[in-house]
Amino acid sequence: MSTEKPPLASGLARTRSEQLYETLAAAIKSPFGSMDANGVPATAPASIGGGRETLSRKSSRRLMMSASPGRSGGGAGTHIRKSRSAQLKLELEEVSSGAALSRASSASLGLSFSFTGFAMPPEEISDSKPFSDDEMIPEDNEAGNKKPKFQAEPTLPIFLKFKEVTYKVTVKKLTSSAEKEILSGINGSVSPGEVLALMGPSGSGKTTLLSLLGGRISQSATGGSVTYNDKPYSKYLKSKIGFVTQDDVLFPHLTVKETLTYAARLRLPKTLTREQKEQRAIEVIQELGLERCQDTMIGGAFVRGVSGGERKRVSIGNEIIINPSLLLLDEPTSGLDSTTALRTIQMLHDIAEAGKTVITTIHQPSSRLFHRFDKLILLGRGNLLYFGKSSEALVYFSSIGCSPLITMNPAEFLLDLANGNINDISVPSELEDRVQVGNSGREPQTGKPSPAIVHEYLVEAYETRVAEQEKKKLTDPVPLDEEAKAKVLRLKRQWGASWWEQYCILFSRGLKERRHEYFSWLRVTQVLSTAVILGLLWWQSDIRTPRGLQDQAGLLFFIAVFWGFFPVFTAIFAFPQERAMLNKERAADMYRLSAYFLARTTSDLPLDFILPSLFLLVVYFMTGLRLSPYPFFLSMLTVFLCIIASQGLGLAIGAILMDLKKATTLASVTVMTFMLAGGFFVKKVPVFISWIRYLSFNYHTYKLLLKVQYKDFAQSINGMRIDSGMTEVVALVAMIFGYRLLAYLSLRQMKITT
C-alpha cells in the first residue's frame, strides 16, 4: 500500500479495503470453534465504517436475501453454514492478491466492490456466487430439503399437439345400445420442459384423454388428430413414452431396489451391460430420494412396506428409468398429504426441466400445487372449458364474469365452475338473463342458473373467445428440423433384452416374489399337519390282507386327489391377480408374452416340489408303503406329474375367465367331477360318460400309483390291470402341455386395457 496521503474518498475506500482484508484474514486464521452462534469470527472487528451491525451479520443477511426461492427449504442455518464454508475455503496465498481479495469479499458478502486500481470483471462476478447447486449440503429428501437432480440425458424432444379430439364408447343395454361421448372437441399442446395439468371433476374425461395421448386407447373410437412432432402416433413410440397409472401396480414382496433393477434390466436397451443397467437403477433411486427405503419391501394390503409417497415415487421411477421423452401420470397425488404431494409435483418439474414433456391429471390440488403447473386444461362433462397458462386461468374467467366472491383456492374455484356450482362465485349478467328468460333452469328458492346452464355458458364462452386463437397456434410448425421429426416414425421397436434374458429375469423375479407366499407358516402347517394325520390313520398299513390292501388303495387315491385339488386352486389366482401388472408391462413392451408365460409357469415348479417332497417323506414311511428306492422315487415322480397337470388346468381356467369368483366356481365343479370319475368310487361308468375319466388327472395318477406300489404284488387291483403305466404317463404329459397351451392362447386373446 502506498504511504502517500490519498484524497479523502480514496483513503476511505483504502481504509475499508484494509479492514476487509483484516477481517478475512482473521476468519481464515481463526479455528472452527472460535466463531459465535451467528458465525462471527472471534477476532473480527466490532463494526466497519461505524455501522451498527457487524460485517459477518451483514454478510449472513445478504446471503440469505440472495438465496433463490428454490433453496429456501434449508432454512437460515443452512445459509449460514454455507457462508462460513465460503469464508473458510479461501487460502492465505489467494487473499494476498488483489483479485483474490475481490473474489473473497464478493463471495463472503454476496456483493461486488470496486477497489482502487482495478474492478471485478463480469465473468468473475458470475463465478463468485456465494454457493451453487453443486455445493448444496446433503439433506433428508423426505423433509423436502434436497432438490433431486435428474440426469439431462440426450433424448428425443416431443412436441405434443391434439386438435378436436373426440372419443365415444358404446353403452350396451338390455334391448339396445347407444353411443356415449366421453370427449368432445379437445384442443391443446405441450412442449418439452413444460408440465401440463388436466383438471376437472370426476367423470369429466381426464383419464380418458391422458390414455388417448399416451396411445393406450384404440384409434378406431377416436376422432380429431394427435401428433408427436407433427407426426401421427406409431407403436414404435412406446419406448419413448412413460405412463404412470393412478394405482401403483407393483409386486408387494419385492424391495424398492429389486423393483427398479428388474425394470432397468427389462426396459433399457440391449447395448447396455447388466452392470450399467443396475447402475442406472441406483441413480434413479438417488434422483428420487429413495436411498433410505431401497431395501424395504414395497408392501400391499397384507404386507407392511414403504409409505404411500415412496410407493408413488417407485412407480414414477419405473417409467423415468428409460429416460422417456413424454411422461404421462394419472393423478400422482391421490392419497398423499399436501407436503408429499407438493414434493411429487416439484419432482415432475425437475423431470420437465431435463427436457421431458410432462402431462398429469390432478383431481383437487392445493393452491401451492396449482401455481406449479405451466399449462392447464379444464374439462367439464367431456368439453373443454379452458386451455392456457395456469397463471392466466383466473384472469380469463374474470373476463367472462366469473370470479370468486371470497378468498378461495383457485383449483376449488375452477372445479366449482366445472361442476356448475356457482355458490360464492359472481354470476355474469348474461347468465342472469338466461335464468329470467327461461324457467327450465330456475331453482325456485334461489333463482340461480342450473349446472347445465352454467356448463353451456362456459363452453360457449371458450369457443367464442379463445378457441379459434388456440387452434391457430396449433397450426404453427414444431421448432425442429425434418430429420428430428422423422425420428418419431423411424424409431424401431426394440426389446431391452433377448428372449432368453427376458425369461431369466422374469423367472428370477417370480421366484423372489412368490417365495414368501409359498413358505408361509400357514401353508407349511396345512401340508405337514395333513401328512401327519394321514400317517396316523394309515399307520404301518398291512397289504397282505385284502382289507389292508383296500385301505392302502384308499390312501393312494387320497394322495392323488389332494395333490390334484391343492395346485388347481393355487394356480387359478395366478393370472387374474397379475392381470393389472401384465396389462401395464405389456402396454410398455417390457417383454414378450411367451417369455412371461413360460417364466410364470416354471418359476412355481421349484417351490411346488418342496412341500410335496416333505409330505411324501412323512406319509410314505409312516403308512408303511413299499420301502424301496425304486417305488419311492417313482411315487414322488407320479405326484409331481399330477401337480404340474393340475396346475395347468388352474392356469387355463384363470386365463380364460380372468374373474376369481367365476374361476373358483368352475374349478370346484371340474375338480369334483374329476375326483368322482377317478376310479375309486365308481368302478363301472356308463359308456356315454366314460370319456370324462380319461380327462381326469386324478384317474391317471391313481392308476399310476397303484402300478408303482403293486407291480410285483398282484396282476390287478380294484379291476385295474397292473402294467408298465406308460399310457398314464403319456396322458399326464399331454395334459401338462395341453392345458398350458390353452392358457397361453387365452392370454394372447386378452386385450390390453388401461
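Which helix gives the largest share of the lining of the largest pocket?

**View 1. Lining of the largest pocket in the predicted model.** The pocket has a volume of about 870 Å³ and is lined by 35 residues. Those lying nearest its centre are Pro-252, His-253, Glu-513, Glu-517 and Gln-577. Two or more lining residues come from each of helix H18 (499–518), helix H20 (546–571), helix H21 (574–577), helix H22 (579–587), helix H23 (593–602) and H26. Of these elements, H20 gives the largest share, with 5 residues. Sorted by class, the lining comprises 18 nonpolar, 7 polar and 10 charged residues.

**View 2. Packing of helix H19 (residues 521–537) against helix H25 (residues 610–622).** The axes of the two helices lie 8 Å apart, at an angle of about 15 degrees. Angles under 35 degrees count as roughly parallel, and H19 and H25 are therefore roughly parallel to each other. Their crossing is right-handed. H19 contributes Arg-523, Val-524, Val-527, Leu-528, Thr-530, Ala-531, Val-532, Leu-534, Gly-535 and Leu-536 to the contact, while H25 contributes Leu-611, Leu-614, Phe-615, Val-618, Val-619 and Met-622. These residues divide into 13 nonpolar, 2 polar and 1 charged.

**View 3. Crossing of H25 with helix H26 (residues 629–657).** Here the axes come within 11 Å and cross at roughly 135 degrees; H25 and H26 are therefore oblique to each other. The crossing is right-handed. On the H25 side, the contact is made by Pro-612, Ser-613, Leu-616, Leu-617, Tyr-620 and Phe-621. The partners on H26 are Pro-631, Phe-632, Ser-635, Met-636, Val-639, Phe-640 and Ile-643. The contact of H25 with H26 holds 11 nonpolar and 2 polar residues, and no charged residues.

**View 4. Crossing of helix H29 (residues 697–709) with helix H30 (residues 726–749).** The two axes come within 9 Å of each other and cross at roughly 145 degrees. The crossing of H29 and H30 is left-handed. From H29, the residues in contact are Phe-697, His-700, Thr-701, Lys-703, Leu-704 and Lys-707. From H30, they are Glu-728, Val-729, Ala-731, Leu-732 and Met-735. By class, this contact has 6 nonpolar, 2 polar and 3 charged residues.

Technical notes:
Residues numbered from 1 in each chain as written. Predicted model: local features only at pLDDT ≥ 70, side-chain atom pairs only at ≥ 80, totals over all residues. Heavy atoms only, no water. Axes fitted to C-alpha atoms, helices over the stretch in contact; angles between N-to-C directions. Helix = DSSP H or I, 4+ residues; strand = E, 2+ residues; numbered from the N terminus. Parallel < 35°, antiparallel > 145°, perpendicular 65-115°, else oblique. Left-handed = near helix turned anticlockwise from the far one by under 90°. Contact = heavy atoms within 4.5 Å. Nonpolar A, V, L, I, M, F, W, Y, C, P; charged D, E, K, R; others polar. 1 Å grid on protein atoms, 1.4 Å probe; cavity = no way out; pocket = protein on both sides within 12 Å on 5 of 7 lines; lining within 4 Å. Points joined across faces, edges and corners; volume = space filled by probe spheres on them.
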